[in-house]
Amino acid sequence: MDFSTSSRLLSCPKIPNSVHHYSTTNYFLLCPKLKTPKANNYIILEGRHNSLLSSCKASVIQCSDSVDKCCNVTPLLSANRRLRKPDPVGKIYNSADVCTFTETASKSASHVTEDRIGVLLLNLGGPDTLNDVQPFLYNLFADPDIIRLPRLFRFLQRPLAQLISVLRAPKSKEGYASIGGGSPLRKITDEQADALKMALEAKDVPANVYVAMRYWHPFTEEAVQQIKRDKITKLVVLPLYPQYSISTTGSSIRVLQSLFREDMHLSGIPVAVIQSWYQREGYIKSMADLIEKELQHFPIPEEAMIFFSAHGVPVSYIKNAGDPYKDQMEECISLIMQELKSRGTNNVHTLAYQSRVGPVEWLKPYTDKVLVELGQQGVKSLLAVPISFVSEHIETLEEIDMEYKELAIESGIENWGRVPALNCTSSFITDLADAVIEALPSAVSMSSTSTSGDNENDHVFEYAIKMLFGSVLAFFLLLSPKMKSAFRNRL
């Protein structure tokens, strides 16, 4: 955390039990009205402040045992964060009865260096070769956070994943073949990890940076074992998805929690999870920089429409599971456009969602449909912005650069451009390093958090019944004409 202004002793007597939990980051304050589950703890609230404020200094905060009194609070603002509307969040920090903050950020960071710091980058993963495509797709569709079956039918997950992966593999192979025979995602993510390690070292926070892919190598399990071998004592989990979704960040964290709780050593390691970071000033400005640069390639830059294309999710995720992805995406785009307008760029913009799969309803409007409509409306210049991707992969290199570009030109759009993914853009990597440093003080062991476990397979009889029905279903699927044809095409 960057406490760039002076701060003084924060006296924190014993605070009563029980607690309210929230989530995210921006400014930090102390208040005894929120109670902690253990004695001798204090709670740091994190939240966002009115955008009219531009700076803030830390004040002396005296906490009282009485919940009827609230301490005098002045937010401790991180200098590199955007100030926004109030949205309180909180995390528990273990402490003795008296806690102190040092006078400078450098002294605060010195406590960090005593630990063996690890940073775990989470990403989707992608097939390295064409032979990896079908097993990669199987891993993807076998994830219950990707295909969300009712609990009663979850025993069908693997047979269904096998069917879908076999049927989709031929077309997917064509896509990967068109971009070189495999996904560049692992290479780029490794480069981002190296760049982040260097950025943290430049800020006097040495750390090991690991890559955990959800559906292909290096799998989360591989990264976690390396973290254990390296004897990491504090870990920050950083998903490379700016916006949170249960199908991306949520799925990876669920696996990570399971791995840590099953290992006695890992369960005691303090972990901080950055669930989303779409609102960070460094990210917003980095995106605005790229958009500004690409607009200059158009004959008349101010006439080009900025076309944000985000990866879609099924509508049921939003309506039934409370996924915040859509709201975060819309807010993210609003922040980027505000930044562009502050620089004098006032181009019109729109948002659409790409990469839908299957017969269910996905977030609308759909990218391919909107491109046709824009051409019919007479739009001649279009700048595509892959907003939910921070690395180049098949959705940018093949779906946007090839399929959507061709569709746009066929629809009457004459001037086409595309903003590159952030990849290792220096301002972006620097902001990720800042996010890691800010998150470090919030690390707590995963064994101290709760999760709703799924105990479906705890009973042998129930498990046997599921295997029986799954086997029968798989047998009939394998006999289906489409499956037979798919297998024949693979042989």
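Let's start with Asp115: with a relative accessible area of 25%, Asp115 is partly exposed (buried is under 20%, exposed over 50% and partly exposed in between, using a 1.4 Å probe and protein chains only). Keep in mind that this is a predicted model, where local features need pLDDT of at least 70, side-chain atom pairs count only at pLDDT 80 or more, and totals for chains, interfaces and linings use all residues. Residues are numbered from 1 along each chain as its sequence is written, and side-chain values use heavy atoms, with hydrogens and water left out.

Asp115 meets Lys234 in a salt bridge, 3.5 Å from N to O. The two sit 119 residues apart, with Lys234 in strand E9 (residues 234–239) and Asp115 in the loop between helix H1 (105–113) and strand E7 (117–123). Lys234 is buried, at 18% relative accessible area.

A salt bridge here is a side-chain nitrogen of Lys or Arg within 4 Å of a carboxyl oxygen of Asp or Glu. Helices (H or I, at least four residues) and strands (E, at least two) are DSSP runs, numbered from the N terminus.

## A buried pair

Glu438 and Arg280 form another salt bridge, their closest N and O atoms being 3.1 Å apart. Glu438 belongs to helix H13 (residues 426–439), while Arg280 lies in the loop between strand E10 (270–273) and helix H8 (281–295), 158 residues apart. Glu438 is buried at 4%, and Arg280 is buried at 2%.

## The wider picture

The structure holds 20 salt bridges. Asp143, Asp145, Arg148, Arg214 and Arg254 are joined up in a network of them.
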